[in-house]
Amino acid sequence: MSGSESDCTNPNDEGDAIPLYNQEQLDTLASTLGVKYQVEDNLTGGMSLYSVSITLTNHSSLALGYCSGCSTNHQWSLYFSHLRMVEPNFLPMDPCVDLVYSGVRLSHVNGSIFKLSPLKSFVPLKPGESTKIKFNGQHYSASRSDILPNWYLHIEGTEPRLVKSTEGESLDFVGPFDTPNRYKRFDYTLSSGRKRYDIYQPFTPEVRFHRYQSMLSSSSSSMSSSSLSSPKDTQCEPKLIIPTPYNLKIKDRDSCVDIFSEGWTISACDKQFENEAKYLSVQSLLSLASARGFSSETPSSLTHSLNLSHPSIPSCCVHDAPRYPYRGMHVDISRNFQEKQEILRLLDLMAAYKMNKFHFHLTDDEGWRLEIPGLEELTEIGSKRGHDLEENSCLLPLLGSGPFPEGLGCGYYSVEDYRDILRYANDRHIEVIPEIDMPGHSHAAVRAMKVRYDRLMAKGKKKEAKQYLLSEPDILQSSLAFSVQMLADNSMNPGLESTYSFVDKVISELKEMHKDIQPLQVFHLGGDEVPYEAWDESPACLSLVDSDEVDSMEDLMEYFVLRVAAQAHKHGLELGAWQDGIVVNKSEPYRRSKFPNTKVLVYFWRNVWEKCQAYDAHKLANEGYQVILAPGTHLYFDHPHEPDPEERGLFWACRYVDTRKVFSFMPATIMANADVKLTGEKLTKADLKAIRESEDYTELKKPENVKGMQGQIWTELVRTRQQFHEMICPRIIALAERAWHCASWEGQAAEKIGKAQEKDWVEFASALGHKELMRLEREDIPYHIPPPGARLTGDGHLEMCSCYPGLPLLYSVDQGKSWLKYDKPVGVEAYQEVLVKSSSHNGKYHSRVTRVDVKLYADSDEQCC
């Protein structure tokens, strides 16, 4: 596997010698080179390794090979982003690994960036020839979206060029996940001898049919299978209001009230809702004017909360109040940036469903997205990604952002942009909670402040240069100090006073931005996933320990968190942090009494049931922290909607999170949500007993300290506005329902929950399909559309149903050339196969197309994990 380049011989004679490529030739190679990435096998390597192949095909008229007479630095290199460590038995401990028999060298640049370059043993690819390069990745890769686009070629002295075959969002260069070894994640044996095997299967159309049918037929057992796709014919009534009010009494189902007719006075007894009263009054006047034939235009920005084409509502009495004071949505715009308009759309959506906290993840390793006056390098360097291996002008092109500092990897909000977002949120009663992630997840800030240091030192301004430095400029970080995202240099140094000067500067500027719009109340420091090894060889940290100000290197994190907490308190602010910023290495939380802040909000996110991490939420609440529930198993919207390799998303907490799972979450009894292991196997009574008897078991003694719920969207794999909204919607509506309304089935014994929950879900899903998704369409917000359920009857008829009753269903009998609307079972016995898909009401968006084999249809595995 490994070897030095000097050990390799050049098999080519002088006639095969390839000279150094010039820019024009590099352009040609990049525009014609075929790349095929194939996950070969996730299972043979247990959970440690999976095997990959990359096939390169030369479609140009040039030979692609090792350039004779050129140094290693002047060979062509193929740069690519990879979510998993490449050849983890060698990298990143070694600088590179030589795949001698493939004739290539693999190097880890930093983070997700890797480089493939030719050795002397690389056999030249003549026009039309291919070569397959095999290597190992770490853990497993079971989804198309795991593979990142926009690979590029570069030769020192030339401009980098995107490899066209890898460009864009189609990911056509990724091979199929068509066997269990490719779409399953792991197969290994524990030290106890028990096997761990991924039991998930991608859902077939027939499996979906039975899943949807079982979910949608519980409250109406007499519904026919065809009626499931046409809910107007079912006995199920959609929820009238989402989120469900505390108490709703309909006086007369046949009596409706037109609130836009004459004679109505709309007022607010609470001053904070005067704008809403004015809004409704304006809408009533506009509606009345329209009814009388006057031309009027309704401002589109105001239509988020009403379907103005149906102003009549049932005569009813509503008493309402929220279940939790904190009903939030977290958005990461660091990994991949979203324009201001998309944030405003999301705020509109949140307001429509009574959500009131917007957790704004503004910074991370891959990008700093907010202008900080006086620290211009944060956005000059930290908001851009491109091919600068020294990161002096921009960050590395992480996460498939490509070699040029433009597009999805770039962007930031100016002070005025941010203030616009604050105004918009404040007008909708939404508090903005900014997060500046630290001390880990800070690569963008660390690099930007290092560039600032170098610039000022070159001018002889030593004191000013060191003022906001976050790292020791001449100290090499520990070779083992890589973050979960494979990044070195990603942690602020807690031993430097300049680190706290930086924090104070950022907090001060945030306060100034919030002033006179929405005074800043909470500063969120992040605190998650810190690679503590980064501080092991730091003279500043060692000096801090030697001075007895910190007891040991293990106490550096607590020292940092408490110092930042004190800084926030000095500015009159409460503190927010992720779970592992307060509970380190499965220990007890830091003592709450050490924090000067009146409130410390801690966000519970790390949750894999069999690892007993759920008890951290109980520990934190009992210790006096205000706990926000944000568990990965139910509220991480960056996870796929289905266990299918064609669905976008990560799957570290569970294989998938669909809208039904979000809807079913019971926040008051966390362990009641324990459903399946990572494998997909159901947790048995014995499993639950073992969890309860573990040393981490903690009874919740202060439930009043659980203050609410929050959904999360992380954007490592989210690059476009459509992907952004589709990952959030409609799951966010289910989140809003649970955060506002405590369902009658919550808290019941497990055996009693099922039917009541299913009936409630039917009403909710029907409301989505008939009303709520249409609201999203009016506001031009894309949403995820699940593929339809479909099956063949014994007499050759196609039956279809939808996860959300009311969504249009389509089928094709001519390979997708034309599509027909489905409304009842249709005979298809004359065809080889039928393609099926679901559609939005306006026809703008569709689900994935799935295939029903008519002639060779076999019974599918009805495993419905």
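## Helix H8

Helix H8 (residues 443-458) has 16 residues, which at 1.5 Å a residue should span 22 Å; its end C-alpha atoms are 23 Å apart, which agrees. The expected span is 1.5 Å times one less than the number of residues. Helices (H or I, at least four residues) and strands (E, at least two) are DSSP runs, numbered from the N terminus.

H8 is mostly covered, with 12 of its 16 residues buried. Buried means under 20% relative accessible area, exposed over 50%, and partly exposed in between (1.4 Å probe, protein chains only). The buried residues of H8 include His443, Arg447, Lys450, Arg452 and Tyr453. Leu456 is also among them.

## Model basis

This is a predicted model: local features need pLDDT of at least 70, side-chain atom pairs count only at pLDDT 80 or more, and totals for chains, interfaces and linings use all residues. Residues are numbered from 1 along each chain as its sequence is written, and side-chain values use heavy atoms, with hydrogens and water left out.

Strand E22 (residues 706-713) has seven of its eight residues buried, so it is largely enclosed by the rest of the structure. E22 pairs with strand E14 (residues 326-332) in parallel, through six bridges. Two strands pair if DSSP finds at least two bridges between them. In this pairing, methionine 329 stands opposite glycine 711 of E22.

Strand E21 (residues 626-629) also pairs with E22 in the parallel sense, over three bridges. Here valine 627 stands opposite valine 706 of E22.

Helix H19 (residues 731-740) is mostly covered: 10 of its 10 residues are buried.

## An open three-strand sheet

Three strands form an open, antiparallel sheet in the order E23-E24-E27. Its edge strands are E23 (789-792) and E27 (826-827), each pairing on one side only. E23 and strand E24 (residues 797-801) are joined by four antiparallel bridges. Leucine 792 has leucine 798 in E24 as its bridge partner.

## Backbone exceptions

Most residues other than glycine have a negative phi, and most peptide bonds are trans.

A cis peptide bond joins isoleucine 242 and proline 243, with omega about 0 degrees. Proline 243 lies in the loop between H3 and E12. Another cis bond joins methionine 438 and proline 439, with omega about -5 degrees. Proline 439 sits in the loop between strand E17 (431-438) and H8.

Asparagine 150 is not a glycine, yet has a positive phi of about 65 degrees. Its loop runs between strand E7 (130-138) and strand E8 (152-154). Asparagine 150 is buried, at 12% relative accessible area. Aspartate 489 also has a positive phi, about 55 degrees. Aspartate 489 is in the loop between helix H9 (462-466) and helix H10 (497-514). Aspartate 489 is partly exposed, at 34%.

## Surface patch

Leu240, Leu248 and Val318 make a nonpolar surface patch of about 210 Å². Leucine 240 lies in the loop between helix H3 (205-216) and strand E12 (247-258). Leucine 240 counts as partly exposed, at 43% relative accessibility. Patch residues have over 30% relative accessible area and no salt bridge; nonpolar side chains (Val, Leu, Ile, Met, Phe, Trp, Tyr) are joined within 5 Å, like charges within 9 Å. A salt bridge is a side-chain nitrogen of Lys or Arg within 4 Å of a carboxyl oxygen of Asp or Glu.

Conventions:
Accessible areas come from the Shrake-Rupley method with a 1.4 Å probe; for residues, only the protein chains shown count as cover.
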